[in-house]
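Biologist: I am new to this structure. Please show me how to read a few of its features.

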Amino acid sequence: SLPPELQKRVDAHLEEYLSHKAKSNNGSRDGLYSTTSSNGNDEGLFEQTDLGPQIQVAMQQVYRIRSVQLQADQQAWQDSSDGWRMGEFRKSLPAYKEKDTILNAISQNQVVIISGETGCGKTTQIPQFILEHETDSLRGATCSIICTQPRRISAMSVSERIATERGEKLGDTVGYKVRLESIKGRDTRLLFCTTGYLLRRLLIDSNLKGVTHVIVDEIHERGMNEDFLLIVLKELLPRRPDLRVVLMSATLDADLFSSYFGGAPSVKIPGFTHPVHSYFLEDVLEKTGYRLTTENQIDDYGQERPWKSNKQFIKKRKSQIASAVEGVLLSADFRNFSQQTRESMSCWNPDCMGFNLIEFLLVTICENEKPGAVLVFLTGWDDISSLKEKLQAHYLLGDPARVLLLACHGSMASSEQKLIFEKPEGGVRKIVLATNMAETSITIDDVVFVIDCGKAKETSYDALNNTPCLLPSWISKVSAKQRRGRAGRVQPGECYHLYPQCVYNAFAEYQLPEILRTPLQSLCLQIKSLKLGSISEFLSKALQSPKLLAVQNAIEYLKVIGALDESENLTVLGRYLSMLPVEPKLGKMLILGAVFNCLDPILTVVAGLTVRDPFLAPLDKKDLAEAAKAQFSRNHSDHIALVRAYEGWKVAEYELTGHEYCWKNFLSAQSMKAIYSLRQEFQSLLNDTGLIDCNITIYNTWSYDENLLRAIICYGLYPGICSVVHNEKSFSLKTMEDGQVHLHSNSVNARDSKIPYPWLVFNEKIKVNSIFLKDSTAISDSVLLLFGGTLSKGDIDGHLKMMGGYLEFFMDPGLAKMYQSLRRELDELIQCK
Ligand code: CDP
Ligand code: MG
């Protein structure tokens, strides 16, 4: 542990700080716990807690009177012509026919499961049925309904839609609350929020006081948060016998959920969709004028194809298609494809080959097919933005007079979001590039054509190797079917799957639930911050429990990084980490970046670790690329090299030469842009937790201290550490668990014959024959001691207590000075040692 003298100083500082804090602000700096909404609105019913009994009675009376008024307003709206038309639309939805059955089931059971075809009116209608039923003036009852959505954009768009249906302003009876944004008022009875928000709310209000109904939407997606919420709700039910829980889903395994909730009844809403014709890759190829031969070759069988209108265009297109398709066939042998070669599927990357094919299909549809919107499913934001860029440059697809080109993904702006539902006029074709969120949570009614790339980004986790990754992987059969179904909403449609039928046959039936395929560190932190007891005991109550080994790995990791103490209690650091919805190692860097006033470069490092490697290494120009990367690095760090590269890009981008800069330096412009927007996101997360104040720009004072950067990187990446052993001509590397390891050839450190530091911290190791380290930063002994802890566990405790002290200090900038003198003392002490 720490030297006794130092320990004493730390304790004294801490004590002084804590008493100061208790006097001055009662902990109100905790952004997350604050109960005032961002738009200054009264929080309405939802935040009412512990009022005195008289006030409560008075409030209830006011509430009743408001209810009657609202009821009258509703009646007036329904009698208006717009209201009548909307009413007729609502009655036409399949959910309406089941209204009574649903309300009956809810009144008689604590938990009800509702399933139905996407677009049948679950999300928009069922919460309204409950609202209307409960606020019926004859019954005079009060209600407050919370409906969760897996993504913030659906929470926002759905609440907006319902307000429109009810002829109200958003924030009257219906509102939403997502991170950073909220629209709700004192009359809000139906609140849409993200699942994450409800989980955080449970942190301060574990009994959900005042809430009458919780509706969990889209449970078929089996997201980690949803599975987690189900365990919490299941535990809550006996304590809140009056609480009603409604689970809603598209196609689902209703039995699984029903038996989880002790035989809860399920209601199925019968749906209807128009037939959709499916084309697989081989059929799509035929459309292009090519086909697959038995030798896996493409053959131009030279038939006259009726849709050919522009000969020259077709010729050019054909060569593009040919090269794209050849790429596909070279990388995977689809003819001999079977379940056993699932891995070989991953070498086929539909994103890179698919873009030409998608462009081709879009042109064909625009020129030859009946009217109707096109929905293109891609893997993620980066694909969407680069395809959009490509299409915008196209003579036809980029012409706004003929094509309305839109993107649809989780982080888009709400103004963009509304356009998606609009129906363009004057023969303009709407094309929407979407992630798998358009699969079930968003219904675009006028879609007639669907293009499905067959992949979705999903995290996977291998408990044995303890390594997570976020990669595009093949979707399930259920997803493919769902994507296809999106084309048949209003009339018969067509769906182009950009993969052969044999690949489809090998798809898994369902996607694995997220809880079984992602690292559990963040989840474990949340369990602890919600005070839900022992982690493994809690997780054993999940719908499908994760493997014991995965749980143990997560707990062990959290202990090593100091988020949990030996008896599994949350430390100060752990508490902060649980407020940041990012991987703990990234969270640690962010926190320390804020603490040490050098957030600017740390935001880049953290964003850089989240996106695809921005340093490109084309095989034929490997040397040039490595040399380009080396000019950013004088300091034996891949992470700091990225920071410098990004800073250069920002200047270039400002001078409108960003692309040239990337090209010259072998950088991916797409990754740079992604880093740019991720940085903003992380910054607002920190603002949420109260660690920084966005309005103050003091947090960059230390940005150019490279040793400090090293220290913070070490703090995040520990225990990913290896020692550097120098011999005469070069050096070798060793880790505790693996023995000898090597540097990945892309690392700037791989080019050096000497590293003037005794340690390297690394982000990731990959096993190919032997073990290779990706992205490393060299660090000194004192950095490792102060920021990584030594390699024996006993010392870590003292070290972390000290870190906890630092964090507390930061909460009050007035104490920053004191902390800095402490740090100087620490440094001196280390040097004496
Ligand atoms: O949740 P579910 O998939 O069952 O359907 P929903 O989201 O409640 O949508 C029901 C219908 O409302 C859709 O089929 C659309 O016709 C319409 N809707 C709309 O026009 N605009 C929206 N923003 C949302 C829904
Ligand atoms: Mg829905």
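Modeller: Start with the ligand: helix 6 gives four residues to the shell around ligand 1, the largest share. Helices (H or I, at least four residues) and strands (E, at least two) are DSSP runs, numbered from the N terminus. The model is predicted, so local features need pLDDT of at least 70 and side-chain atom pairs count only at pLDDT 80 or more, while totals for chains, interfaces and linings use all residues. Residues are numbered from 1 along each chain as its sequence is written, and chains are lettered from A and ligands numbered from 1 in the order in which they are written.

Biologist: How many residues surround ligand 1, and which are the closest?

Modeller: A residue is near a molecule if its C-beta atom, placed from the backbone, lies within 6 Å of it. Here 15 residues surround ligand 1, and the closest are Gly119, Lys122, Thr123, Thr124 and Arg161. Helix 6 (122-135) and helix 7 (152-165) are the elements that give two or more residues to this shell.

Biologist: How do I read the packing of two helices?

Modeller: Two packed helices are described by the angle between their axes and the distance between the axes. Axes are lines fitted to C-alpha atoms, for helices over the stretch in contact, and angles run from 0 to 180 degrees between N-to-C directions. Helix 25 (residues 599-610) packs on helix 27 (residues 638-654) at about 110°, with the axes 9 Å apart. That makes helix 25 roughly perpendicular (65 to 115 degrees) to helix 27.

Biologist: What is the span of helix 9?

Modeller: The expected span is 1.5 Å times one less than the number of residues. Helix 9 (residues 224-236) has 13 residues and reaches 18 Å from its first C-alpha to its last, close to the 18 Å expected.

Notes: Angles under 35 degrees count as roughly parallel, over 145 as roughly antiparallel, 65 to 115 as roughly perpendicular and the rest as oblique.
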